[in-house]
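This briefing is meant for a reader who is meeting the structure for the first time.

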Amino acid sequence: MPSLRFVLGDQLSRDLSSLRDLQDGDIVLMVEVGEEATYVRHHQRKIAFLFSAMRHFAADLRERGVAVDYVTLDDGENAGSFTAELKRAVARHRPERVVVTEPGEWRVMEMMEAWEKEVGCPVDIRPDTRFLCTHAQFGAFAQGARGLRMENFYRLMRRRTGYLMVSADEPVEGQWNFDHDNRKPLPRRLEAPGRPSYAVDETTSDVLALVGQRFGNHFGSLDDFDHPVTRRQALHYLNWFVTTALPTFGDYQDAMRQGEPLLFHSHLSALINCGLLDPREACHRAEDAYKAGEAPINAVEGFIRQIIGWREFVRGIYWRHMPDYADANALDAQRPLPDFFWTGETSLNCLAQCFAEVKASAYNHHIQRLMVIGNFSLLAGLEPKAVQEWYLTVYHDAYEWVEMPNVVGMILFADDGLFASKPYAASGNYIDKMSDYCGACTYSPKIKTGEGACPFNYLYWDFMARNAPKLRGNHRLARVYATLDRMDQKKVADARRDAAAFLDALPVGGDY
Ligand code: FAD
Ligand code: DLZ
Ligand code: SF4
């Protein structure tokens, strides 16, 4: 009797653990289901990207002689959820067992654990070996660590993988981390490279029509869809990145420019997260470019750190701290999400630019997510669950295992500093230094309070004052609180007055 191998939409990897021992007669099951597209109402572009990548992956398996049972969203019999579709497939094929790779979300893991009972045959749930750090390895790191710090984890991963190492204990060029070289403001004349675009074929065209019809009322746009959706295109794109953008990636990693959403960022997250690219091959390619003298150490180390460091680290945090992690709200932030997160209609130019870009493309780069939208969410005291839902909805690379720790821990400090040593709070000055947004804004980052003042300025001091009982004891904020204590009391009162007026006037409760 055959095995039924159930492959999920973010498991599009040929060497997936559930596909490794594929036998003649086995059947691969893939399903497009409404529940996955609507448990949060994903950006239309994310759904289209994933459905197209799934259909191409299924075609690729079939070309290699694998039997694939693929259920499309518009199949009249489609039962709408993973569990219901698996039940139907088990009834169709009567397999000896179901084989799956563990999912990326707690929600789906709960479903999987119930499948054996629900579908009435054994279910073999295998580890996701596409990640470089196992749950047990992360557990051992976390247990032995005094504080959960990414930098310590990253060094362990460098030693373990051997990337950019001269010997077991010695990093190349004598340094583990070159981040201090990666914060340069963008020179005005420096142009970002043009990106390759990938033609819409018949498969993608069908998917775009389907998504437009079924999910046309979701956030975002499908216009000008040109994503890589096959393994071959993904490899082509990775090659383009390594040879063209990577050399400059490090220097301007933190920079933002109006009308240039990508700059030198890789735009690889969605391809890696859905499995079309393996994180190891991305790191290998970057390391090879360094060895060949084609990309400098600050770029390559920065890129590899994001992947073997941050990416693996946040996954470890997610699985170690779920399910309670989802409810964390250490700063007791209760403000509802302003409507402009969806409409993009705000006079704060930095936010307006980021919202417009994510609506069009389902993408913002890291500093836009962290220091513009994230910083605003922190300073304004937005409710963590609402912020989580927004981040999970709008980005094409968003899955809970990676979105949640970035939102809960990195931007909102809602986990009480589980892994961030202090909140990433910044005034308008930071955004002005790292972008050209302020020049085109109604407000001025130089004005602290009153008419024309940048809201980030007064919100910053209001945040610090409001959260003083909780944050004053944080030694990394000692200078901030010393400044606040020395500040003219009138200035503090003005900032708090402006913040209260601004926050009270935030538009909430619109209908979308
Ligand atoms: P690059 O800047 O080119 O970085 C290279 C790669 O490193 C990325 O492709 C990604 O795989 C990895 N990476 C970089 N930073 C992180 C990080 N903090 N956590 C995990 N991986 C990282 N990334 C997601 O993949 N999905 C998400 O849902 C997601 N949500 C985020 C939410 C917030 C609030 C923040 C601050 C960050 C979030 N990130 C998320 C991380 C990061 O912003 C994106 O991975 C990155 O912007 C993707 O663009 P890129 O591929 O051009 O990345
Ligand atoms: C995100 C997503 C969407 C929109 N649709 C599907 C789908 O129809 N079928 C599928 O197999 N996977 C989909 N996914 C990805 C899943 O949500 C993802 O596998 C789980 O969240 C676990 O990470
Ligand atoms: Fe953003 Fe303030 Fe600059 Fe306007 S002035 S773009 S609100 S940081």
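In this predicted model, the lining of the second largest cavity consists of eleven nonpolar and three polar residues, with no charged ones. That cavity has a volume of about 90 Å³, and the structure holds five cavities of 30 Å³ or more.

**Second largest cavity**
- Among the 14 residues that line the second largest cavity, Cys 350, Cys 438, Cys 441, Tyr 443 and Cys 454 lie nearest its centre.
- Two or more lining residues come from each of helix H13 (349–361), helix H17 (428–434) and helix H18 (455–466).

**Second largest pocket**
- The second largest pocket holds about 500 Å³ of space, and the closest to its centre of the 31 lining residues are Leu 12, Phe 57, Arg 231, Gly 275 and Leu 276.
- Because domain 1 (3–126) and domain 2 (135–321) both give residues to the lining of this pocket, it lies between them.
- The lining of this pocket divides into eleven nonpolar, seven polar and 13 charged residues, and H2 again gives the most, with five residues.

**Helix H7**
- The 14 residues of helix H7 (residues 202–215) should span 20 Å at 1.5 Å a residue, which agrees with the 19 Å between its end C-alpha atoms.
- Buried residues in H7 include Thr 204, Val 207 and Phe 215, and what covers the buried residues of H7 includes helix H1 (34–38) and H2.

Definitions and conventions:
Residues are numbered from 1 along each chain as its sequence is written. Chains are lettered from A and ligands numbered from 1 in the order in which they are written. This is a predicted model: local features need pLDDT of at least 70, side-chain atom pairs count only at pLDDT 80 or more; totals for chains, interfaces and linings use all residues. Side-chain values use heavy atoms; hydrogens and water are left out. On a 1 Å grid over the protein atoms alone, a cavity is a set of points where a 1.4 Å probe fits but cannot get out, and a pocket is an open set with protein on both sides within 12 Å along at least five of seven lines; lining residues have an atom within 4 Å of a point. Grid points are joined across faces, edges and corners, and a volume is the space filled by probe spheres set on the points. Helices (H or I, at least four residues) and strands (E, at least two) are DSSP runs, numbered from the N terminus. Ala, Val, Leu, Ile, Met, Phe, Trp, Tyr, Cys and Pro count as nonpolar, Asp, Glu, Lys and Arg as charged, and the others, Gly among them, as polar. Domain bounds come from an automatic or database domain assignment. The expected span of a helix is 1.5 Å times one less than its number of residues. Buried means under 20% relative accessible area, exposed over 50%, partly exposed in between (1.4 Å probe, protein chains only). Contact means heavy atoms within 4.5 Å.
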